[in-house]
Amino acid sequence: MTIDLANQIVTGLLTGLVYSLMALGLSVIFGVVRVVNFAHGEMTALAMYAAWMLFTWLELDPLVGLPLIALLLFALGYVMQRGLIDAFVAKPEHMQFILLVAVAIIMVNFSLLVFGPDAHGIQVPYGFDTYEVGPLLVDKVRLLAASAALAISGLLMLFFRRTMTGKAIRACADNLVGARVIGLNVKQLYAVTFGIGSACVGAAGALLSLLIDVMPSSGPELTMLAFIIVIVGGLGSMGGALLGGMLIGVSEVLAGYFLMPSMKGMFSFAILILILVLRPQGLMGARK
Amino acid sequence: MSRQAILLGLLLAAFALAPLVAGPYLLSVLVVVMYFAYVGQAWNIMMGFAGQLSLGHTLYVGLGAYTAAALFVHLGVPAALGLFAAAAAAVAVGGVIGALGFRFGVKGVYFALLTIAFAEFTRILFEHIPGLGGPAGLFLPVGDRGGIDLIHLRGHPLMFYYLILAMTVGIFLLCRRLVRSRLGYTWLAVREDQEAAAALGINVFRAKLTAVMLSAGLTALGGVFFAFYYNNLFPNQAFSMNRSIEIILAPIVGGLGTLFGPILGALILTPLGELITMATEAMGFKAAGIKQLCYGLSLLAIVKFLPDGVWPWLRTRLGLEPDAGGEGES
């Protein structure tokens with residue numbers, strides 16, 4: 001029983017890391033553009049469909065197709081910010097909410113129209129391989145997906161710390177007026193940021209397609225999941241998104257193990273409520 | 001008489017006389033229009049007047065619906081009594097959420113997420129309560145559809161039509177009184193500048209809590225209507241995020257914080273959805289999702305081109321004075 005439980009926890013941790021990458025995108029967008037992307041899960045679902053198409057038609061492994069999908073989502077995010085969201089950046093929150101809800105409705109029903117209501121899954125040849133680590137059994141796909149997610153998160157942190165563009169984006173987040181004063185093109189940087197956040201979503205979607213099936217209703221569920229992770233970790237904190245993802249991944253398997261699998265969501269929302277009330281800046285966020 | 005009053009009188013007369021000419025289908029659409037105008041108005045008290053964004057408002061619809069329905073199904077309590085329990089349950093839960101949120105300084109996006117979290121938590125909770133039917137749903141016995149029994153809320157569709165019309169008129173008049181009352185001005189002060197309101201000696205915490213509890217209780221009455229009109233309740237519908245979105249669309253599209261906004265928004269959105277369905281079916285599209293896709297596109301166009309809502313725009317065109325609490329005064 002303890003071995004079984006330990007296996008479950010490892011599964012939760014690894015899945016959680018992939019969730020983290022998705023949530024990281026939300027966190028980056030909110031941290032800089034200050035717009036809450038309520039279409040986040042829907043975009044993830046689109047990325048999963050892209051991975052499924054590449055796999056079904058070109059027999060392309062999602063791990064190989066990942067850069068392409070990330071690039072596509074970057075373009076989608078960039079265009080969305082430039083053409084649609086930029087005009088709403090200074091508008092009140094409820095207007096941004098309605099705008100992105102409209103985008104989410106369009107995406108969900110577009111997927112429904114094109115792919116139908118059925119679940120689509122990817123079965124890679126190594127799908128059932130496992131590694132024995134001591135007494136534990138670790139799924140190969142899960143380990144690969146989690147490692148890739150962790151590596152991409154690391155690259156993203158390097159980007160924000162080392163490159164000029166990354167530093168410029170951080171400047172916009174820290175001091176918008178100052179960023180304008182020194183002549184940064186804020187509009188352009190916002191679009192790049194939304195693109196980067198969306199590229200995270202693209203990569204996470206490609207990885208998630210290895211672990212779970214996608215259907216139109218996956219979108220809203222993933223949006224909620226991304227929110228919970230980001231709030232628990234701290235909106236705008238990159239390390240927080242990683243921690244939050246692992247925490248929620250583990251809490252999901254524990255709730256499924258000790259209670260009922262259908263109650264795992266309740267567990268996550270209870271954590272969300274507690275964090276919002278007791279530590280609204282999240283576990284790793286700084287007090288404003 | 002002001003032109004606004006004449007306009008309102010004409011609208012009311014049209015709705016009151018509609019059953020003379022309208023068939024069952026059109027009446028059912030009008031019931032939905034008025035239902036969304038009603039709950040939109042109730043939501044507007046919290047957001048439009050007091051400036052507190054609730055994105056989980058279906059929580060109160062669901063609580064009201066389930067409370068009254070469960071009392072009726074299990075104990076035979078008539079709806080006329082059950083509605084008090086329904087409102088009380090929603091007011092209590094709204095009070096808890098408001099007290100938690102406002103006491104701990106949960107603001108803006110975070111407060112909105114708190115309301116979503118409570119609604120989603122309750123949805124999954126209700127799926128695990130066997131006495132309420134769980135995910136399989138709770139069904140009300142369909143009674144005599146010929147008679148008129150307002151006590152048990154069983155009877156002819158026309159009874160429901162006039163009931164929701166009365167509710168919509170009632171909440172409109174109530175909100176009209178509210179925005180011109182001391183409490184209403186307190187809410188506006190809090191909405192516009194919380195610190196300034198506090199400096200004036202307004203008890204901000206109490207003002208916001210009153211708005212949440214009042215809005216929750218009134219929304220729950222809409223839930224009671226919903227339960228007895230449709231006779232079935234499912235947690236993944238009654239408490240779904242989609243329902244919360246539907247509730248807030250009418251007031252936002254119509255014009256946030258205005259008295260006409262929720263009514264106008266409902267008058268636009270519900271028929272729009274029906275028209276899109278008819279149009280796509282007439283053109284031979286049977287594909288699932290096409291209606292919602294068009295709906296999303298229309299919504300996008302409305303928020304993009306009329307961000308303040310349709311009513312403030314229309315009001316200027318008609319040369320009408322702004323109603324209290326509207327954008328024009330703030």
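Author: Of the 330 residues in chain B, 49% count as buried. This is a predicted model, where local features need pLDDT of at least 70, side-chain atom pairs count only at pLDDT 80 or more, and totals for chains, interfaces and linings use all residues. Residues are numbered from 1 along each chain as its sequence is written, and chains are lettered from A in the order in which they are written.

Reader: What makes a residue count as buried?

Author: A residue is buried if 20 or more other C-beta atoms (placed from the backbone) lie within 10 Å of its own; 12 or fewer makes it exposed, and in between is partly exposed. In chain B, 49% of the residues pass the buried test.

Reader: How do you know whether chain B agrees with a compact globule?

Author: The globule rule is 2.2 Å times the number of residues to the power 0.38, with the radius of gyration taken over C-alpha atoms. For 330 residues that gives a value near 20 Å, and chain B has 20 Å, so it agrees.

Reader: Why is Leu68(A) called a bend in α3(A)?

Author: The bend at a residue is the angle between axes fitted to the seven residues ending there and the seven starting there. At Leu68(A) that angle is about 30°. Helix α3 of chain A (residues 62–85) spans only 30 Å between its end C-alpha atoms, while a straight helix of 24 residues would span 34 Å.

Reader: And how many residues does each chain bring to the contact?

Author: Chain A brings 32 and chain B 36, where contact means C-beta atoms, placed from the backbone, within 7 Å.

Note on methods
Contact = placed C-beta atoms within 7 Å. Helix = DSSP H or I, 4+ residues; strand = E, 2+ residues; numbered from the N terminus. Expected span 1.5 Å × (residues − 1).
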